[in-house]
Amino acid sequence: RLNTTLAKVQSTAAILSDEWVDDDAMNMYEIKREIEKSSIKHFKAIFFHNCLAGNLETLSEIYTLTDYIIAPEHRLASDGTLIVDFVKELYEDNDFESSVKNFFDNTKNYWKQEYKEYAQNGDLNFIKASELESILPIFKNIASRLKVLYKDEEQRQIIDYISVYTYNVDQDESPLYDALYLVQTLAKATKDSDLKESAKKLEKAFDKLFLKKIEVYYNKDLIDRYNIDSFSLSIVITYHENYKEE
């Protein structure tokens, strides 16, 4: 289930497919399990060259297994050039962070063409994995506060409305919503001081999390509707019944 791509460097390069595109492939729990069982217990970086992988539920499973993560929140537009440009930059013999930042700069103009052609928004994020450690407790506090507010009828209606009508990173094809935008919008709509404070902490935490990012905003309807000018990572919002499904 872990297919080596370069026979001469089996210990450093591999490809796996994910459960979003193949029912027989790996889900996020299996990815973590197989890495922990492998001979490589910790990676310099994990590059998610696939759509919608910049997702907090997914990354929270594997962030302790790597120093860095490269992943898009939106659908990924790539004909393979991203990987070619990435490998080229690694041959320049810079330190790893500089290599990835240079790769982002060098690949951006080509990368954004397909998004423009189809009028879609997109992003690619260079993430310092250890910084996810500081983000997760903030979301725990947010969840606890929302449960308290949800007991109030007026606040419940606000939370329900915002949770449904917030920025969907997959144009309503998947239950994935921009996390920072959601929290900021909830804080503003509920006028709750605790949520406002959490939103400020979350914004600062994301600033530390992202070492580099590239973004495009070609779906003008969505940008104008939500007045969003930057992206974070996605979280899942779906019906309670769906969580009971396998």
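This is a predicted model: local features need pLDDT of at least 70, side-chain atom pairs count only at pLDDT 80 or more; totals for chains, interfaces and linings use all residues.
Residues are numbered from 1 along each chain as its sequence is written, and side-chain values use heavy atoms, with hydrogens and water left out.

**Exercise 1. Helix α4**

Check the span of α4 against its 22 residues, then find where α4 bends.

*Solution.* 
- Step 1: Helices (H or I, at least four residues) and strands (E, at least two) are DSSP runs, numbered from the N terminus.
- Step 2: The expected span of a helix is 1.5 Å times one less than its number of residues. For the 22 residues of α4 that gives 32 Å, and the end C-alpha atoms are 32 Å apart, so the two agree.
- Step 3: Now for the bend, meaning the angle between axes fitted to the seven residues ending at a residue and the seven starting there. α4 bends by about 55° at Lys108.

**Exercise 2. The buried side of α4**

Which residues of α4 are buried, and what covers them?

*Solution.* 
- Step 1: Set the cut-offs: buried means under 20% relative accessible area, exposed over 50%, and partly exposed in between (1.4 Å probe, protein chains only).
- Step 2: The buried residues in α4 are Phe96, Ser99, Val100, Phe103, Phe104, Thr107, Trp111 and Tyr115.
- Step 3: Look at the spacing with this in mind: an α-helix has 3.6 residues a turn, so residues three or four places apart point the same way.
- Step 4: The cover over the buried residues of α4 includes β3 (43–47), β4 (66–71), α3, β5 (121–128) and β7 (210–217).
- Step 5: For one view from β3, pick Lys44, which lies in that strand. Leaving aside neighbours within four places in sequence, Lys44 is in contact (heavy atoms within 4.5 Å) with Thr66, Asp67, Tyr68 and Phe96. Lys44 itself is partly exposed, at 45% relative accessibility.

**Exercise 3. A nonpolar patch**

Which residues make the nonpolar surface patch of about 310 Å²?

*Solution.* 
- Step 1: Patches are made of residues with over 30% relative accessible area and no salt bridge, with like charges joined within 9 Å and nonpolar side chains (Val, Leu, Ile, Met, Phe, Trp, Tyr) within 5 Å. Areas come from the Shrake-Rupley method with a 1.4 Å probe, and for residues only the protein chains shown count as cover.
- Step 2: The patch is made by Ile83, Val87 and Tyr91.
- Step 3: Tyr91 sits in the loop between α3 (81–90) and α4 (96–117), and counts as exposed at 71% relative accessibility.

**Exercise 4. Salt bridges**

How many salt bridges does the structure hold, and which residue pairs with Asp170?

*Solution.* 
- Step 1: A salt bridge is a side-chain nitrogen of Lys or Arg within 4 Å of a carboxyl oxygen of Asp or Glu. The structure holds 9 of them.
- Step 2: Asp170 pairs with Arg75, with the closest N and O atoms 2.6 Å apart. Asp170 lies in the loop between α6 (153–164) and β6 (176–178) and Arg75 in the loop between β4 and α3, so the pair ties together parts that are 95 residues apart in sequence.
- Step 3: Compare the cover: Asp170 is buried at 4%, whereas Arg75 is partly exposed at 37%.
- Step 4: Another pair is Glu215 and Lys213, at 3.2 Å. Here Glu215 is buried at 13% and Lys213 is partly exposed at 26%.
- Step 5: Finally, Arg33, Glu34 and Lys37 are linked in a network of salt bridges.
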